[in-house]
Amino acid sequence: MPNLYSYVPGGFTQQQPEYFSAPTPGPQSPPPRERTRSRTHAHRREATWSGDHSPRSSAKPSMPPRANTDPSTIDADAIRRKAASLGIPADYSLKNWDPNERPVILLGSVFDANSLGEWIFNWTKYHHGRSHDATKIAGGLWGLLIELSSKLKRSREFYTQIKAKENREILDDFMESGERLWSKLKDLLKACEEYMWRGARGVASPRPEEGKTVQMGKKSGAEFVDAMFNGVKEWERTERLMRGMGTWCQRFEVNCEEILRRPDA
């Protein structure tokens, strides 16, 4: 697959400096209009990662049901206690995390696989536009994150019910290789965070006496997705991870789905 993001001087839209007087910790989301539109279409989004030997499996994942997010019914203290039990610092934002799912940390915010994929997709769409190749790839990445996370979760939940030693060994191998992919995801996020910090530094304040500040906003979010899909930044790592996740999911379907459907066989 060719590098979609081979750098061309002046080829990227220049972001204007902005200033946010009261930022919240961690990465910010795109403007509400963009997020609302993406949520409207989330459940009928098709897998769109393109290129030779697509890494997507033939079975397209559906968006998993989200936990109840009505602020009046959420037990914030219980969620915070669970976060603490997982070693998540008390000052990290939990608004993007479904506590029933595995946490993924990006700067000062906690995500799950679904919300992280959505966050990346929304920022890519905001930065590049809905019809851009990068947005389509971000949509494919979103689906792959959901598949990897859900398959690892099911494997952990049903492992103790599997009676045949040979089947347990097969599932063990897949869980181990899936965890390696998860580690590579965290390494990729960490690498892209560095570009995000660069976007946050030197944001101009409207008050000249304040000079430039460190603020998370539009520029930092754009830097993150630009790094992830830019051929001279982290695109090679992103592409390798997506191919690895796609291959893993395909092989899991062939080797493990029947084991999980019939754990007592």
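Which residues of helix 7 are buried?

**View 1. Helix 7 and its buried residues.** The buried residues of helix 7 are Trp235, Thr238, Glu239, Leu241, Met242, Met245, Gly246, Trp248, Cys249 and Phe252. Here, buried means under 20% relative accessible area, exposed over 50%, and partly exposed in between, with a 1.4 Å probe and protein chains only. Helices are DSSP runs of H or I with at least four residues, numbered from the N terminus. The 21 residues of helix 7 (residues 235–255) should span 30 Å at 1.5 Å a residue, and its end C-alpha atoms, 30 Å apart, agree with that. The expected span is 1.5 Å times one less than the number of residues in the helix.

A word on the model: it is predicted, so local features need pLDDT of at least 70 and side-chain atom pairs count only at pLDDT 80 or more, while totals for chains, interfaces and linings use all residues. Residues are numbered from 1 along each chain as its sequence is written, and side-chain values use heavy atoms, leaving out hydrogens and water.

**View 2. Helix 3 from end to end.** Helix 3 has 16 residues and reaches 22 Å from its first C-alpha to its last, close to the 22 Å expected at 1.5 Å a residue. Because 15 of those 16 residues are buried, helix 3 is largely enclosed by the rest of the structure. Glycine 129 follows helix 3 and has a positive phi, near 105°.

View 3. Rings of Phe, Tyr and Trp (its six-membered ring) pair if their centres lie within 6.5 Å; planes under 30 degrees apart count as stacked, over 60 as edge-to-face and the rest as tilted. By this rule there are nine aromatic pairs. Tryptophan 119 and tryptophan 123 are edge-to-face, because their ring centres are 6.4 Å apart and their planes meet at 65°. These two tryptophans sit four residues apart in helix 3 (residues 113–128), so about one helical turn separates them. Tryptophan 119 counts as buried at 1% relative accessibility, and tryptophan 123 counts as buried at 1%. Tryptophan 123 also pairs edge-to-face with tyrosine 126, at 5.4 Å centre to centre and 85° between the planes. Tyrosine 126 is partly exposed, at 24% relative accessibility. Ring pairs link Phe111, Trp119, Trp123, Tyr126 and Phe224 into a cluster.
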